Amino acid sequence: MSELLIFKVSGYKPVVGNKVEYFKAVSEARVLQHIKSVGPDTGGFVTYSVEQVEALPPEVHIEC
């Protein structure tokens with residue numbers, strides 16, 4: 001099993017505005033696939049950038 005990497009996604013969502021979310025995935029391609037599968041009309045990002053990070057910031061906690 002591949003080790004999961006942590007990715008930070010920064011961007012703009014309708015109604016919400018600027019948003020930062022973190023994802024654990026095997027690759028950046030998987031994160032992009034997920035982001036593109038959720039359209040702006042259903043709460044997805046309109047614009048975004050993705051970067052791999054070494055660790056989650058202390059204020060962020062992912063349950064699962």
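How many bridges join strand 1 (residues 5–13) and strand 2 (residues 17–25), and in which sense do the two pair? They pair in the antiparallel sense, over nine bridges. Before going further, please keep in mind that this is a predicted model, in which local features need pLDDT of at least 70 and side-chain atom pairs count only at pLDDT 80 or more, while totals for chains, interfaces and linings use all residues. Residues are numbered from 1 along each chain as its sequence is written, and side-chain values use heavy atoms, with hydrogens and water left out.

**The overall layout**

The chain has one helix and three strands, and along the sequence they follow the pattern β-β-α-β. Helices (H or I, at least four residues) and strands (E, at least two) are DSSP runs, numbered from the N terminus. Along its principal axes, the C-alpha trace spans about 35 × 25 × 20 Å. Of the 64 residues in the chain, 25% are buried; here buried means under 20% relative accessible area, exposed means over 50%, and partly exposed lies in between (1.4 Å probe, protein chains only). The accessible surface of the chain comes to about 4,700 Å², and 52% of this belongs to carbon and sulfur atoms; such areas come from the Shrake-Rupley method with a 1.4 Å probe, and for residues only the protein chains shown count as cover.

Contacts, meaning heavy atoms within 4.5 Å, also reach along the sequence. Among those with a separation of 6 or more, 48% are between residues 24 or more positions apart.

The three strands form an open sheet in the order 2-1-3, with antiparallel pairing. Strand 2 and strand 3 stand at the edges, each with a single partner strand, so one side of each has no neighbour in the sheet. From one strand to the next, the twist averages 20°. Two strands count as paired if DSSP finds at least two bridges between them. Strand 1 is joined to strand 3 (residues 47–53) by seven bridges, and these strands run antiparallel.

K24 is partly exposed, with a relative accessible area of 47%. The C-alpha atoms of K24 and L56 are 10.0 Å apart, although 32 residues separate them along the chain.

**The turn and the salt bridge**

Strand 1 and strand 2 form a hairpin with three residues between them. V15 is in this loop, and its phi is near 70°, a positive value in a residue other than glycine. As background, most residues other than glycine have a negative phi. V15 counts as exposed, at 86% relative accessibility.

K13, in strand 1, is buried instead, with a relative accessible area of 11%. The structure holds one salt bridge, defined as a side-chain nitrogen of Lys or Arg within 4 Å of a carboxyl oxygen of Asp or Glu. K13 forms this salt bridge with E21, and the closest N and O atoms are 2.5 Å apart. Leaving aside neighbours within four places in sequence, K13 is in contact with K19, E21, G43, G44 and F45.

| Residue | Relative accessible area | Class |
|---|---|---|
| K13 | 11% | buried |
| K24 | 47% | partly exposed |
| V15 | 86% | exposed |

**The core and the helix**

Which residues make up the largest nonpolar core? There are eight: F7, V9, F23, A25, V31, I35, F45 and V50. A nonpolar core is a set of buried Ala, Val, Leu, Ile, Met, Phe, Trp, Tyr and Cys residues joined through side-chain atoms within 4.5 Å. Strand 1, strand 2 and helix 1 (28–37) are the elements that give two or more residues to this core. In soluble globular proteins, nonpolar side chains tend to be buried together.

Not counting residues up to four places away in sequence, V9 touches K19, V20, E21, F23, V31, I35, F45, Y48, S49 and V50.

Helix 1 lies across strand 1, strand 2 and strand 3, and runs at about 155° to strand 3. For such angles, axes are lines fitted to C-alpha atoms, for helices over the stretch in contact, and angles run from 0 to 180 degrees between N-to-C directions.
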